[in-house]
Amino acid sequence: MGPYDTSFTEGLGVMSSSQITHHEPGVYLGLREDSYLADPALGYSSLGALRQPLEFWFNSPINTVFPKPPKDQKYFERGTACHVLFLEPPGTYDRTYGIVPTRMTNPNAIDTIPELIAACKKHGLATNYAVKADLVDRLSRGAPKVEILEVERQKFFASGKRPISADDHMRIQLSFRMAMRTREELGAGEDDLTLADAFTGGLSEVSCFWEDEAGIRQRARFDKLKPNVTIDLKTISDWKPSDFKTSLLKEIRIRNYLGQVVHYNEARRQLRKFVAADRVFGGTKAQRTLLKRIAKQETWAWTFVFCKMTGFPAVRAIVFTPENMGLVEEGPDFMQQFVRAADERRDALTQYQFFKELYGDEPGSIWFDNEIVYQPTETDWGVSSVWNGEN
């Protein structure tokens, strides 16, 4: 069996390719996040993962052969909930998320068997030969005004809302309140920009798909687009209260967020071309009009907004100007970090192109490691001398 033979995968439960979506190149307004994520086009996180091509393949939609355990969704859900509150229309968060009822949220609800039995006796209902489910059922039928925790939980899950912990709900709500403080609350002047200004207006969750000269499909989904700024919302587990700047810069470095800036700046350039070519899908007339205004802007700033999700809630923003990012002629503020990030992005695309040509990138394709046998030389050991048997 050669390295290109995939017949051995038959019968291993290959996933249906119908679960994968390919979007036409263009800009999409109002595209659902799950539809965006179902497209295997390369996002910035994929390009970061391509530093290890086989690890990238194993966790990518290309690998439909070998099932992978699902990831812990707790932290993803927290970030998603934060995005819904900050970026989507008012009321969307409350319609989407809710806290699962507990004794703390519903202090008057009864839950234990002794409480249920006492309530049944109070309302003249039988208590014999009954497990907890029977007692709940009898009270629900015979005394519907009695608040029962199990019933309230059933109502919650029947509502279709996505559960969020009371702690996360509090932090997200408080972070939003902090970010939306007025100029008066901040003691800012009329010309000072605030986070409330950043999140007011503009277009939220704009998706862009494109194909480069090598035929590699790519994607980006903007949290917030405004004519002169791109805004990206992040959640972070912790930072030191006394030195949040160092903590946030460390987070940007570890998570390769400068790679995201470079990738999304390319997406904005592609967006300008698509708008000019009328390759815009979805959206209202007003949204399309605003998108045209955004596309006319040749340069823009980039703002990361970090919401702290552990310890005391806090919100901080980091801004990169067009001069920082090299979108205009290099000046004293130009950051070489963006050159390195751009080089890493090009290297990742080169890696992808190499493996694509070798093994393919259709669902079910298998990427292999060609470097199997290694013969070390004397210098590979990294020692100055070889043991001679006498030491």
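**Notes on the predicted model**

1. Let's begin at D137, which is partly exposed, as its relative accessible area is 36% (buried is under 20%, exposed over 50%, partly exposed in between; 1.4 Å probe, protein chains only). This is a predicted model, in which local features need pLDDT of at least 70 and side-chain atom pairs count only at pLDDT 80 or more, while totals for chains, interfaces and linings use all residues. Residues are numbered from 1 along each chain as its sequence is written, and side-chain values use heavy atoms, without hydrogens or water.

2. What does D137 do with its side chain? It meets the side chain of R141 in a salt bridge, 3.1 Å from N to O (a Lys or Arg side-chain nitrogen within 4 Å of an Asp or Glu carboxyl oxygen). R141 counts as exposed because its relative accessible area is 67%.

3. Now step back to the whole chain. You can find 16 helices and 9 strands in it (DSSP runs numbered from the N terminus: helices are H or I with at least four residues, strands E with at least two). Of its 391 residues, 40% count as buried. Take the contacts (heavy atoms within 4.5 Å) between residues at least 6 apart in sequence: 66% of them join residues at least 24 apart.

4. How many salt bridges does the structure hold? There are 17. One of them pairs the side chains of D39 and R217, at 2.9 Å from N to O. This pair links distant parts of the chain, 178 residues apart: D39 belongs to the loop between α1 (33-37) and α2 (44-49), and R217 to strand β5, residues 217-226. D39 counts as buried because its relative accessible area is 1%.

5. Look next at R78 and D168, whose side chains form a salt bridge of 3.2 Å, N to O. Here too, distant parts of the chain are linked, with R78 in helix α4 (residues 74-87) and D168 in helix α9 (residues 166-179), 90 residues apart. Are these two residues buried or exposed? R78 and D168 are both buried.

6. With a relative accessible area of 9%, V315 is buried. Leaving out residues up to four places away in sequence, its touching partners are S175, M178, A179, L195, W239, V305, F306 and C307. T235 is 80 residues from V315 in sequence, yet their C-alpha atoms are 9.3 Å apart in space.

7. Finally, check the backbone angles. Most residues other than glycine have a negative phi. E205, in strand β4 (residues 203-211), has a positive phi near 50°. N256 also has a positive phi, about 60°, although it is not a glycine; look for N256 in the loop between α12 (244-254) and α13 (257-276). E205 is buried, with a relative accessible area of 17%, and N256 is buried with a value of 17%.

8. One last stop for your tour is D192, in the loop between α10 (183-186) and α11 (195-199). D192 counts as partly exposed because its relative accessible area is 39%.
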